[in-house]
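Here is a friendly tour of the side-chain contacts and strand pairing in one protein model. Take a look at the structure, and then we can walk through it together.

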Amino acid sequence: GVNPFAASVTAFLFSALSILLILALCRVKIHVEGLEKVPTDTEYLFVSNHRSNFDPMVQWWVLRRWRLAFVSKPSNMRKFVIGPFVRRCCFLPIDRENARNALTTINAAADLIRAHECSFAIYPEGTRSKSGELLPWHAGSLKIAQKANVPIVVATIEGTERIAHNVPWRRTHVYLRIREIIPAETVKATKTTDLTEGIRSKMLAELGK
């Protein structure tokens with residue numbers, strides 16, 4: 001089949017310029033902690049909480065050197081602001097209501113990671129948390145890391161939920177923190193449910209500090 005990342009330079013530049021413009025117009029100031037922890041010698045699965053449609057833009061921009069793609073809801077592919085961005089960045093849609101289709105997406109993401117095409121990012125909550133509280137998780141998406149035999153990068157994001165309210169009058173400070181790197185060996189040897197419980201507990205303890 002056609003490699004989705006072939007001839008991707010134009011898509012990368014378009015996405016980078018688009019995101020930079022959107023974040024500048026929205027007066028977003030990004031604060032990053034722990035970026036030095038992110039592995040540079042292997043692909044990985046990036047796991048984060050989810051508060052806003054701005055989350056993938058901020059995280060893609062910060063992690064742009066790692067060729068990060070996202071697993072996202074099919075409806076996001078059709079949204080006015082982020083639709084063109086997610087399509088150009090080769091996001092994979094996942095239908096969490098259909099187990100067979102979801103497994104197909106999980107396998108496709110793992111295949112792309114194993115082929116060294118990109119790393120992937122997921123939001124195990126499955127949707128934005130409008131309250132800011134961490135929602136229940138879909139553990140299945142962590143299987144991407146297990147199938148691809150790669151580490152998990154655990155991160156939290158805060159502040160993106162205020163961007164839409166602050167535009168255009170106020171600057172919004174967004175905080176992206178890399179909390180933990182779970183080695184591939186640990187990921188492979190741990191049950192998905194135990195991985196989920198451990199990562200979610202860490203996020204609950206860290207968010208809002």
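## Rings, charges and strands

The search for aromatic pairs comes to a count of one, where rings of Phe, Tyr and Trp (its six-membered ring) pair if their centres lie within 6.5 Å, with planes under 30 degrees apart called stacked, over 60 edge-to-face and the rest tilted. The pair is formed by Phe-70 and Tyr-123, and it counts as tilted because the ring centres are 5.9 Å apart and the planes stand at 40 degrees. Phe-70 belongs to strand E3 (residues 68–72) and Tyr-123 to the loop between strand E5 (119–122) and helix H5 (143–148), so the contact ties together parts that are 53 residues apart in sequence. Helices (H or I, at least four residues) and strands (E, at least two) are DSSP runs, numbered from the N terminus. Both Phe-70 and Tyr-123 are buried; buried means under 20% relative accessible area, exposed over 50% and partly exposed in between (1.4 Å probe, protein chains only).

A word on the source: this is a predicted model, in which local features need pLDDT of at least 70 and side-chain atom pairs count only at pLDDT 80 or more, while totals for chains, interfaces and linings use all residues. Residues are numbered from 1 along each chain as its sequence is written, and side-chain values use heavy atoms, with hydrogens and water left out.

Rings also meet charges here. Arg-64 lies over the face of Trp-61, 3.9 Å from the ring centre, and Arg-65 lies over the face of Trp-66, at 4.7 Å. The rule asks for NZ of Lys or CZ of Arg within 6 Å of the ring centre and within 35 degrees of the ring normal.

Which charged side chains pair with each other? The whole structure holds six salt bridges, each a side-chain nitrogen of Lys or Arg within 4 Å of a carboxyl oxygen of Asp or Glu.

| Salt bridge | N to O distance |
|---|---|
| Arg-177 and Glu-33 | 3.4 Å |
| Glu-161 and Arg-162 | 3.5 Å |
| Arg-179 and Glu-206 | 3.1 Å |

Arg-179 sits in strand E7 and Glu-206 in helix H8 (residues 192–206), so this pair links distant parts of the chain, 27 residues apart. Arg-177 forms its salt bridge with Glu-33; Arg-177 lies in strand E7 (residues 172–182) and Glu-33 in strand E1 (residues 28–33), so parts 144 residues apart in sequence are tied together. Arg-177 is buried, at 16% relative accessible area, whereas Glu-33 is partly exposed at 43%. Glu-33, Glu-158 and Arg-177 are linked in a network of salt bridges.

Glu-158 brings us to strand E6 (residues 152–158), where seven of seven residues are buried. In a regular strand, side chains alternate between the two faces of the sheet. Both faces of E6 are covered: one carries Ile-152, Val-154, Thr-156 and Glu-158, the other Val-153, Ala-155 and Ile-157, all buried.

What are the partners of E6? Strand E2 (residues 45–48) pairs with E6 in the parallel sense over four bridges, and E7 pairs with E6 in the antiparallel sense over seven bridges; strands pair if DSSP finds at least two bridges between them. Phe-46 has Val-153 of E6 as its bridge partner, and Ala-155 stands opposite Ile-178 in E7.

Finally, the search finds zero disulfides, a disulfide being two cysteine sulfur atoms within 2.5 Å. Cys-26 is buried at 13% relative accessibility, and Cys-118 is buried at 0%.
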